[in-house]
Amino acid sequence: MTLYVAVRMDRALVSAEVGAPVRWMLLLFASVLGLGYFFLIFHAPGVPHTPTQLEVLGTVALCLVTALFVVFIEAVHARRSPDAQSKRVLVVGAHPDDLELACGGTVASYVDGGHQVKVLVMSRGQQGGNPSVRLREAHAGAALLGVHDVTVHDFPDTQLSNANGGMIRTIERAISTFAPTVILTHSEHDHHQDHQAVHRAVLRAGRQASSILCFESPSVTRHFNPAMFVDIDAFIDVKVKAVQTHRDQAGKPYMSSNRVRGIAAFRGAQAKCDYAEGFELVRYLQNTGGRIS
């Protein structure tokens, strides 16, 4: 039996992000109200009045009780909303356009939700285009998705399997310094030898990682079988635009906006939404925040 997981990060995160400011505004309002009450009663013009110790303590107690109540609500909300906690997402691709094609909508939704995203590209794609141009386009495409932490390495394009040791060490360093909570990379079910090599390197380097998800490149085989879907309805347009920044690869069929939208619509039909991106699970740790007492 296959387990399907649908993730709507944008909507859940928006509600979580809005809640905290509202609660702290309530705290500020209550504090101002308490201070206003103090000055109105004890310093009203033409009404000589010296506050008693009990009245002063009562006013201070009112403000403190209100503050503690709001802090308590904040703590409860944090325990019940684990998805609102900041995630650190490491994306590892073989070539400069892999990120945008395979998981551009998901990455944009992570950024939109306030999460940190770091991108590693293992080659400049020199066998399939102009490496200098592709380097610039890698940064431009990621920036359009909201990602500015992008490192493009210069391992040999089409021969990444020969650089397995170097890639593993590079990914290990990124994992050590960035400490990702989620890693996105290529699937083992992929015709492209570089994609397979990166997949194996990530599994080796991320052997202690709790969550590794494999995205859908245009070259996946028919054995690619996603068990997790991310709703990208709100991000399909920016995904298409990010793919279009890779003008060096514009002549390839899988770069067309119709193909990009078509794949997202197909996965959306499986996930019961308009557009989605599918992921295979190597493993995925979900912390619900629950506790048995």
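Hello everyone, let me start with one lysine: Lys-118 counts as buried, at 13% relative accessibility. Here buried means under 20% relative accessible area, exposed means over 50%, and partly exposed is in between, using a 1.4 Å probe and protein chains only.

A quick word on the model. It is a predicted one, where local features need pLDDT of at least 70 and side-chain atom pairs count only at pLDDT 80 or more, while totals for chains, interfaces and linings use all residues. Residues are numbered from 1 along each chain as its sequence is written, and side-chain values use heavy atoms, with hydrogens and water left out.

Back to the lysine. Which side chain does Lys-118 meet in a salt bridge? The partner is Asp-149, at 3.3 Å from N to O. By salt bridge I mean a side-chain nitrogen of Lys or Arg within 4 Å of a carboxyl oxygen of Asp or Glu. Lys-118 sits in strand E3 and Asp-149 in the loop between helix H4 (131-144) and strand E4 (150-152), so this pair ties together parts that are 31 residues apart in sequence. Helices (H or I, at least four residues) and strands (E, at least two) are DSSP runs, numbered from the N terminus. Asp-149, at 31% relative accessibility, counts as partly exposed.

Glu-216 forms a salt bridge with Arg-267, with the closest N and O atoms 2.8 Å apart. This pair links distant parts of the chain, 51 residues apart: Glu-216 is in the loop between strand E6 (212-215) and strand E7 (228-231), and Arg-267 is in helix H8. Glu-216 is buried at 14% relative accessible area, and Arg-267 is buried at 7%.

Next, Glu-277 forms a salt bridge with Lys-239, their closest N and O atoms being 2.7 Å apart. Glu-277 belongs to strand E8 and Lys-239 to helix H7 (residues 236-244), 38 residues apart. Both residues of this pair, Glu-277 and Lys-239, are buried.

Now for the cavities. The structure holds 2 of them at 30 Å³ or more. On a 1 Å grid over the protein atoms alone, a cavity is a set of points where a 1.4 Å probe fits but cannot get out, and lining residues have an atom within 4 Å of a point. Grid points are joined across faces, edges and corners, and a volume is the space filled by probe spheres set on the points.

The largest cavity has about 150 Å³ of space. Of its 15 lining residues, the closest to its centre are Leu-101, Ala-102, Glu-216, Lys-239 and Ile-263. Helix H8 gives the most to this lining, with 5 residues.

The second largest cavity has about 40 Å³. Its lining includes Val-91, His-95 and Phe-215. Strand E3 supplies the largest share of that lining, 3 residues.

Finally, two backbone details for you to look at. Thr-158 has a positive phi of about 70 degrees although it is not a glycine, and it is found in the loop between E4 and helix H5 (164-178). Lys-272, also not a glycine, has a positive phi of about 65 degrees. Lys-272 is found in the loop between H8 and E8, and is exposed, with a relative accessible area of 69%.

Note on methods: 1 Å grid on protein atoms, 1.4 Å probe; cavity = no way out; pocket = protein on both sides within 12 Å on 5 of 7 lines; lining within 4 Å.
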